[in-house]
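Here is a short report on one protein structure. Keep the 3D view open while you read.

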Amino acid sequence: MTTRRNFLKAGTAAAATGIVFCGCGLLHSAHAQQPTRQKLPVKVGGKQVKTIDIHAHCQFREAGALLGADGPKLQLPPVNGAEEAFLEIDKRLAAMDAQAVDMEVLSINPFWYDRERDLAGQIVKIQNEKLAELCASKPDRFAAFASLTLQAPDLAVQELETAVKKQGLKGAAIGDVVNGVEFSDPKFYPVWAKAEELGVPLFIHPQGVPELNKRLSGNGWLANTIGNPLGTAMALSHLIFEGTLDRFPGLKVIGAHGGGFLPSYADRSDHACLVGPKGCNPDVKLKKPPTEYLKQIYFDSLIFSPEAIRHLVTQVGASQIVLGSDYPYPWQLQPVDHIFASTSLSDDNKADILGRTAAKLLNFTA
């Protein structure tokens, strides 16, 4: 099994011998991941900042066991670092120390939305109990987003309330669509209302766009490379254009992977209904231009280059960005260094992204 350590060693050896890997594209964005290495405690402008990675994953074998033979397949995608999602505490803490990450906010990508209510509820119950137990064992290093049985919104409401009020979890991680039903559908209103009432964020993590699997087949893992950011962009766009964010103005939403494609091409949204009014519902009267809603959505920093960070800040403001790595999957191996390499950011911007904004979102002190 290729571990993160082996992955890094292989990259180091390749660099030393001058080998350049091709084939599946540029495996490493090395130019974007080699700034000065930061160490704990992290300081910005001479002041210590608690670094909080809101995009980190884990799995629990007990939950997958409920799915029998399907469990390992759904819990272990064929990617580097997958086994490390079944985290060993000491190894995970060592990795966090190496990344200069004080705290990870753990989440589990939903693999239970297509299961019947009772089975999915059992999976979620185990996961939330395990997450709560883990966070209680190391409260200074781990927090977590709850899992929800979102295909059964009434159950999801109960799960979210229990997770926040009794288990100490900090919100919930959700996919980008539930069995083809968009988050703007009224059936989900009770869940969004409960999250708004509790004052906790919902972390949207995409699951690809299976309807496009034929077009996304071939080299380059396009189902993820394109499909995942597209899924997030669609989820956020539906929340905006269907008026869901007007209905729940206090709802806190975090878009994984920098919000997908939406922030990179957001201004097109402001022109769509002017150019093609027949594609827009005249009964939905938004309270502000579509791009203005980006300023009430949060985005993680998993977008690889300082220039991408600069553009995201221009579109949404530095106050809306939080640190994200996707650990243990090796997308951004040094997320803290990535922020320090972004010279367009002020010290206040960096401190906010590294941890201060996440601390406010998650209702604890950085």
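The report moves from the whole chain to a sheet, then to rings, charges and helices.

## Ground rules

This is a predicted model: local features need pLDDT of at least 70, side-chain atom pairs count only at pLDDT 80 or more, and totals for chains, interfaces and linings use all residues. Residues are numbered from 1 along each chain as its sequence is written, and side-chain values use heavy atoms, with hydrogens and water left out.

## The whole chain

The protein chain has 15 helices and 10 strands. Both are DSSP runs, numbered from the N terminus: helices are H or I with at least four residues, strands are E with at least two. Of the 366 residues, 52% are buried. Buried means under 20% relative accessible area, exposed means over 50%, and partly exposed lies in between (1.4 Å probe, protein chains only).

The accessible surface comes to about 16800 Å². Carbon and sulfur atoms hold 55% of that surface. These areas come from the Shrake-Rupley method with a 1.4 Å probe; for residues, only the protein chains shown count as cover. Now take contacts, meaning heavy atoms within 4.5 Å. Among contacts with a separation of 6 or more, 77% join residues 24 or more positions apart.

## A parallel sheet

In which order do the three strands of the open sheet run? The order is 3-4-5, and the pairing is parallel. Two strands pair if DSSP finds at least two bridges between them. Strand 3 (52–57) and strand 5 (142–144) are the edge strands, each pairing on one side only. The twist averages 35° from one strand to the next. Such angles run from 0 to 180 degrees between N-to-C directions, with axes as lines fitted to C-alpha atoms, for helices over the stretch in contact.

Strand 3 pairs with strand 4 (residues 103–107) over four bridges, in the parallel sense. H57 has S107 in strand 4 as its bridge partner. In general, strands of a sheet pair through backbone hydrogen bonds, either parallel or antiparallel.

## Rings and charges

Rings of Phe, Tyr and Trp (its six-membered ring) pair if their centres lie within 6.5 Å; planes under 30 degrees apart count as stacked, over 60 as edge-to-face and the rest as tilted. By this rule there are nine aromatic pairs. F183 and F188 form an edge-to-face pair, 5.9 Å centre to centre, with 90° between the planes. F183 is buried because its relative accessible area is 1%. F188 counts as buried because its relative accessibility is 0%. F188 also pairs with W192: this pair is tilted, 5.8 Å centre to centre, with 35° between the planes. Elsewhere, F111, W112 and Y113 form one aromatic cluster.

A charge sits over a ring if NZ of Lys or CZ of Arg is within 6 Å of the ring centre and within 35 degrees of the ring normal. R61 lies over the face of F86, at 4.0 Å from the ring centre. K288 lies over the face of Y293, at 4.9 Å from the ring centre.

## Two helices

Which residues of helix 7 (residues 189–198) are buried? They are Y189, V191, W192, K194, A195 and L198. Their cover includes helix 6 (153–165), strand 6 (172–174), strand 7 (201–204) and helix 10 (244–247). Just after helix 7, G199 takes a positive phi of about 75°.

N228 is in helix 9 (residues 227–241). N228 counts as buried because its relative accessibility is 9%. Leaving out residues up to four places away in sequence, N228 touches P206, Q207, G208, A223 and H257.
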